[in-house]
Amino acid sequence: MSGSEKEGLGYWEVMSIGIGGMVGGGIFAVLGLSVTLTGGGAPLAFLIAGVVALVTSFSYARLSVSYPSQGGTVAFLDQAFGPGLMTGTANILLWISYIVMLSIYSYAFGSYGASFFPSDSQPFWKHVLITASVLGITGLNLLNARLIGEAEDWIVLLKLMILSVFIGVGIWGIDTGKLAPATWSSPLHLIAGGMIIFLAYEGFELIANTAQDVRDAPRTLPRAFYSCVGFVILLYVLVAIVTVGSLPVDKIVDAQDYALAEAARPSLGQTGFVLIAIAAMLSTASAINATTYGAARLSYIIAKDGELPEALEKKIWGKPAEGLLITSGATVLIANLVNLSSLSMMGSAGFLVIFAAVNAANLVLTVDSGWNRILSVVGIALCLGALGALVWQTAISSPGQLWFLFAMVAAAFVIEATYRSVRGRTINLSAHQANDQ
């Protein structure tokens with residue numbers, strides 16, 4: 001075994017990457033939205049969304065072992081479906097979905113930060129903090145990307161500790177009547193509510209980007225995928241139980257943008273509110289940092305494939321700076337102009353489409369039969385069924401929001417189709433391997 005193999009990532013390191021990717025900012029941003037849509041059924045909604053993520057993690061685990069690459073999702077789709085227009089569109093959609101996720105994280109940062117100001121000035125400070133969080137962390141990435149990255153493990157540990165205290169103290173004071181089935185939304189609304197907050201689970205796919213650096217990958221990667229998703233499902237369900245059991249639904253709705261901090265008041269008082277709000281700001285800041293760099297690198301990988309302009313392949317100070325600046329600029333614009341519900345719908349829908357495609361890629365590339373193929377088909381059905389429920393819920397409750405979804409998908413298609421027709425670049429399937437050397 002070579003020295004690099006010995007020094008590769010082990011099970012706990014890979015698992016921490018997955019947990020850090022999922023418990024980044026999503027739970028802080030969308031918990032209140034979930035309760036607004038599902039009532040006392042919010043814990044079940046998180047469980048439903050988690051099952052979709054868990055089944056999809058099977059395809060990611062198989063593909064990561066078979067096709068290890070820093071390209072991750074992009075590499076899987078290219079391997080399975082070739083360099084066609086639809087593959088390119090899916091890769092661009094993934095990049096746009098990351099921008100939407102960044103918008104949600106910065107929106108949450110601004111909302112929790114603004115909660116420390118008087119209520120009449122909160123809207124103003126929320127927009128100030130949204131913009132400052134994105135621009136500030138973009139500057140850090142340009143100057144020294146490792147500055148926050150080196151603190152990432154400690155930030156993950158801190159937020160898990162604070163959430164554990166929130167659960168451990170709050171679980172004893174919950175009112176189980178607030179969780180009774182009579183307080184739940186209808187079954188279809190529960191599913192749709194679970195899907196609009198599906199984005200809180202998407203971070204597990206970051207494990208795929210580490211596949212080449214993992215020790216004993218055939219054994220380590222599947223264990224890490226399944227255990228980190230399972231852990232986060234349990235964490236989210238418990239957080240939702242404590243939140244719904246501690247506060248009336250109308251109070252959660254009123255504090256929708258910072259519901260988790262408000263839910264800490266009954267058991268931990270103002271100190272709990274402050275602790276959760278600070279944890280949320282640290283968590284979303286680290287998520288903005290990781291996702292900003294990841295999205296910029298994703299644009300670089302897609303450009304190396306020939307599916308985006310060559311300018312995005314260029315690096316400044318060793319970084320894909322142009323992709324970083326485009327990503328950050330789009331994030332500031334979207335986060336300040338689009339509401340949380342629309343952002344969540346866009347982000348969840350985008351990743352459900354991508355995850356359906358990854359399940360399909362595993363089905364296409366698999367060489368055996370049995371459970372591998374069955375779970376791939378189940379994953380496709382779950383993702384598409386969840387997407388249908390989400391679109392249905394949006395159509396009957398806020399039909400205008402569907403335009404955001406159509407615009408996101410159309411933008412991905414138009415960008416890819418236009419670039420192909422104007423420039424006619426050759427798609428380079430070996431770019432992942434070349435880039436990984």
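**Close-up 1. Surroundings of Ser-34 in the predicted model.** Ser-34 touches Gly-39, Ala-42, Ala-45, Phe-46 and Ile-197 when residues up to four places away in sequence are not counted, contact meaning heavy atoms within 4.5 Å. Ser-34 is found in helix α3 (residues 26-38), where helices are DSSP runs (H or I, at least four residues) numbered from the N terminus. Ser-34 is buried, with a relative accessible area of 0%; buried means under 20% relative accessible area, calculated with a 1.4 Å probe on protein chains only. This is a predicted model, in which local features need pLDDT of at least 70 and side-chain atom pairs count only at pLDDT 80 or more, while totals for chains, interfaces and linings use all residues. Residues are numbered from 1 along each chain as its sequence is written, and side-chain values use heavy atoms, with hydrogens and water left out.

**Close-up 2. Packing of helices α6 and α16.** The axes of α6 (residues 85-114) and α16 (residues 340-365) come within 9 Å and cross at roughly 145°, the axes being lines fitted to C-alpha atoms over the stretch in contact and the angles running from 0 to 180 degrees between N-to-C directions. Residues of α6 including Leu-93, Leu-94, Met-101 and Tyr-107 take part in the contact, and those of α16 include Leu-343, Gly-347, Phe-351 and Ile-354. The residues of this contact between α6 and α16 divide into 14 nonpolar, five polar and no charged, with Gly counted as polar and Tyr as nonpolar.

**Close-up 3. Two cysteines.** Cys-228 is buried, at a relative accessible area of 0%, and Cys-383 is buried, also with a relative accessible area of 0%. The count of disulfides comes to zero, a disulfide being a pair of cysteine sulfur atoms within 2.5 Å.

Key
Helix = DSSP H or I, 4+ residues; strand = E, 2+ residues; numbered from the N terminus. Buried < 20%, exposed > 50% of the residue type's maximum accessible area, 1.4 Å probe, protein only.
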